[in-house]
Amino acid sequence: MASSAKNLDPAFQGAGQRVGLEIWRIENFQPVPLAKSDYGKFYSGDSYIVLQTTSGKGGAYLYDIHFWIGKDSSQDEGGTAAIKTVELDAVLGGRAVQHREVQGHESDKFLSYFKPCIIPLEGGFASGFKKLEEEKFEPRLYVCKGKRVVRMKQVPFARSSLNHDDVFILDTEKKIYQFNGANSNIQERAKALEVIQYLKEKYHEGTCDVAIIEDGKLVAESDSGEFWVLFGGFAPIGKKAIGEDDVVMETTPAKLYSINDGQLNLEENTLSKALLENNKCYLLDCGAEVFVWVGRVTQVEDRKAASKAAEEFIANQNRPKSTRITQVIQGYETHSFKSKFESWPMGTTPGNSGGEEGRGKVAALLKQQGVDVKGTAKGSPVNEEVPPLLEGNGKLEVWRINGSAKTPLPKDEIGKFYSGDCYIVLYTYHSGEKKEEYFLTCWMGKDSIQEDQAMATRLANTMWNSLKGRPVQVVFNSSSFSTFRRYARQQLASYMFSAGRIYQGKEPPQFIALFQPMVVLKGGVSSGYKKSIAEKNLNDETYTPDGIALIQVSGTSVHNNKAIQVDAVATSLNSNDCFVLQSGNSLFTWHGSSSTFEQQQWATKVAEFLKPGAALKHAKEGTESSAFWFALGGKQSFTSKKVTHDVVRDPHLYTFSFNNGKLEVGNFSLSVCKLVNEVFNFSQDDLLTEDMLILDTHAEVFIWVGQSVVSKDKQIAFDIGQRYIELAASLEGLSPDVPLYKVTEGNEPCFFTTYFSWDGTKAVVQGNSFEKRLSLLFGTILRTSESNDKSKSSGNGGPTQRASALAALSSAFNPSSKAKLANTIPTRPSQGSQRAAAVAALSTVLTAEQKGSSETSIPRFSRSSHSPEKTVTETAKTGAASSEGGDPLELSAADKEAVEGDRSSSVSSGADSEVSQEQTIDENIGETTFNYEQLKAKSTTPVRGIDYKRREAYLSDTEFQTVFGMAKEAFYRQPKWKQDMQKRKVDLF
């Protein structure tokens, strides 16, 4: 049954026409666009539709639609959101991936749009909204879960809500407390700090204090006392109670159901792609996640019915709220969906020509059904972008492997690579921080013998160890990887390929750019290669300066200027390229009719490199001499077909872990390799020091290794990368020969950091994830400890002191029989100070009684908590008091409060002025403009005194549009790596 355009909601007209977020709220069962100022606010009584538009391969738009259902939203509203999501998909051409999101159980992808978190608000459209900022501030207690995206849940403000396993945030009017359960995750603690910073800036105008409370570590300072006072006094907290939110259904073997008129029919056959018919809808039940697959020729009403059937299936099965529903369209299946099938033949993927054709068919079909399709952007031509390259003016050294030794190449031979040999390349350079860095790798010719490959890896590893592990380690996989690994396993068991290797034909841009030019020649000169061809009775085709050789030159820039020796026959020519032909003393350059001026220049440079000083003859296509054709064995026809290159694809970041000895790496599986989590909308902050992550740019694969990763896991980094490549090759068409890098934390090269908005200061901060985040957000981490002897001499230990402290504590919390021990903020400052002092006294006694131990104290952070100067000052004063042996209760609570107030206010003013200054500078960038010619990096009349890292920001809006072809707002919404590449193209980097 067809669906006409008039039945589609007008609220969706023009949707998906630009990159970014668009949100609608369901009001009276109709979608209403949400004001951008309200993005990130979700009321628990409502349902929402969220559209995320991204720029895919070839310039086409990709869509993810999420419908979010609040815990207090009516079933009818939730159903309306689901149906309207299908309608929005139809408007977008029927190719969006649809996600069902339930409050408290949102997907990582959804939460990544609203970093650091979303905090659902009470109320809704029907019941009236409560504006948090206009209410009388009431303390709120949240449990904070998640290592990279945060799920915040408000819990009752009571001591019984606390436990030892989670991280909690208590938000009061004057101070925000973070309570770290003794068994809580370090990375969740770090993420909670980001949430505190967000709350501080959004709801406290950046002026409230921050305190960190460690479960089980009572320390003699007021923050701990104040915290427990708010809960009616210190008392042991209970174990974590398992609730509905903690029930997560396990993934089960997939079952496929066909959907006919809303009814589900189980398919008994083995799961394969061939089962899916393009005129039907199917439900794939995987336990924790349910997929709805929609054939591309199904009608809109069929898709609505399939969505409703999935909702009913979840309800009838009594699945937990955490069960996810994801709807995919034929031709746009996700990794996770495809991996459930035993057979999924590789075909075209979205974004290439096949994807465009499929998209056109979907749009055409929907138009036939009366659906007015919007937002189907055509693929735009992809311009060549210069990737980030290593710093120039470094020292380049190359060795050829010959038996068990490596022979250094003379300077005039560096750049010549024989396909039958193996090489070690070491490039030493200085990074932007002026520290010495190394790029160390092996290059394996496609015809090289396995013994030479093993020896190259072994010798490179020895060099790497001598450099203390600082080089970027690169591995490039060949089709012979498995054979080579079996052969070399014994020799390399202790090396784990830590020096890496590059395989001929898959050289990355930063490698090629080291050589000016790089020429790959036939044959080899090593003793191993010579012996191998002799044993096989093969002809030795090794290049010689006096023989006949044809060299193809197709590159146009420093990063792709590799030249390759091809068969010396006329059929090897191509009208799109240039060639160098040598025949004895004769030397020709041949320019194809479609070759570029840059290629012709490179051809001349290659000719000079191979035969310095030789007379050079130039020949254009169609003007060749008889001597030219004679050297090639006669004139023959040749191709004019241009070689297509891989389209640039968006990078993906994955986390992985080990479970019962099996590798888990994201949401799909292949044998022992199982992918668990993709990090969506990733940033540098997602590189947690305790983890290893995989960054897949499709052209390269990186294994990033944090400093705190255990040694045994570091040793198998390359094995993990290889397993990932095998998996991605089967599902996504990733080349099995793709470059594989191992990058260690603190030594990230520019061609890795370009995919992040990189801050060099973050990379050098030491400590675990929590300590790093604490230092970056709130200043220097300080530790204080008291020795056992000092504790004894302080006079604070023993049963008498403990009894006195307990008596004081009892008195403070029970001043009279009418005292109210409720979980409220004390209204009388004197009573609160008395309680705080009593708790502090008890904690001092308990601390003193711990023999032979030292306690870690997290400093108190005031309004200027991001200022390192404050923490240093506090430590100095605390240290002075301790050294004098004074009782911490000798100073009255009122006096202490006054001193702390003066101290924080004085530092706060300085910090605030710094912030204001930074804001002023940032605003001035937008106010001051210069013309494009002055701002270019190679300008002959450069402007002075600007932020050279943000040259583009000084362009006027009009000139910015002219130079970049887009507005500033659209430019800055792109990932940092895309911004940098575009800035390089227009000389503004």
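This is a predicted model: local features need pLDDT of at least 70, side-chain atom pairs count only at pLDDT 80 or more; totals for chains, interfaces and linings use all residues.
Biologist: What makes the bond between lysine 115 and proline 116 cis?

Modeller: Its omega is about 5 degrees. The bond from glutamine 516 to proline 517 is likewise cis, with omega near 5 degrees; proline 517 belongs to the loop between helix 10 (509–512) and strand 25. Most peptide bonds are trans.

Biologist: Why is histidine 698 called buried?

Modeller: Buried requires under 20% relative accessible area. Histidine 698 has 16%, so it counts as buried. Histidine 698 also has a positive phi of about 75 degrees, although it is not a glycine.

Biologist: How do you know that the span of helix 12 agrees with its number of residues?

Modeller: At 1.5 Å a residue, the 14 residues of helix 12 (residues 597–610) should span 20 Å, and the end C-alpha atoms are 20 Å apart, so the two agree. The buried residues of helix 12 are Gln599, Trp602, Ala603, Val606, Ala607, Phe609 and Leu610. Because they cover an arc of only 160 degrees around the axis, they lie on the same side of helix 12.

Biologist: Which residues touch the most other members of the largest nonpolar core?

Modeller: Of its 51 residues, they are Phe511 and Phe515. Helix 12 gives the most to this core, with 6 residues. Domain 4 (544–640) and domain 5 (652–659 + 671–778) both give residues to this core, so it lies between them.

How values were computed:
Residues are numbered from 1 along each chain as its sequence is written. Side-chain values use heavy atoms; hydrogens and water are left out. Helices (H or I, at least four residues) and strands (E, at least two) are DSSP runs, numbered from the N terminus. The expected span of a helix is 1.5 Å times one less than its number of residues. Buried means under 20% relative accessible area, exposed over 50%, partly exposed in between (1.4 Å probe, protein chains only). The arc is that of the directions from the helix axis to the C-beta atoms. A nonpolar core is a set of buried Ala, Val, Leu, Ile, Met, Phe, Trp, Tyr and Cys residues joined through side-chain atoms within 4.5 Å. Domain bounds come from an automatic or database domain assignment.
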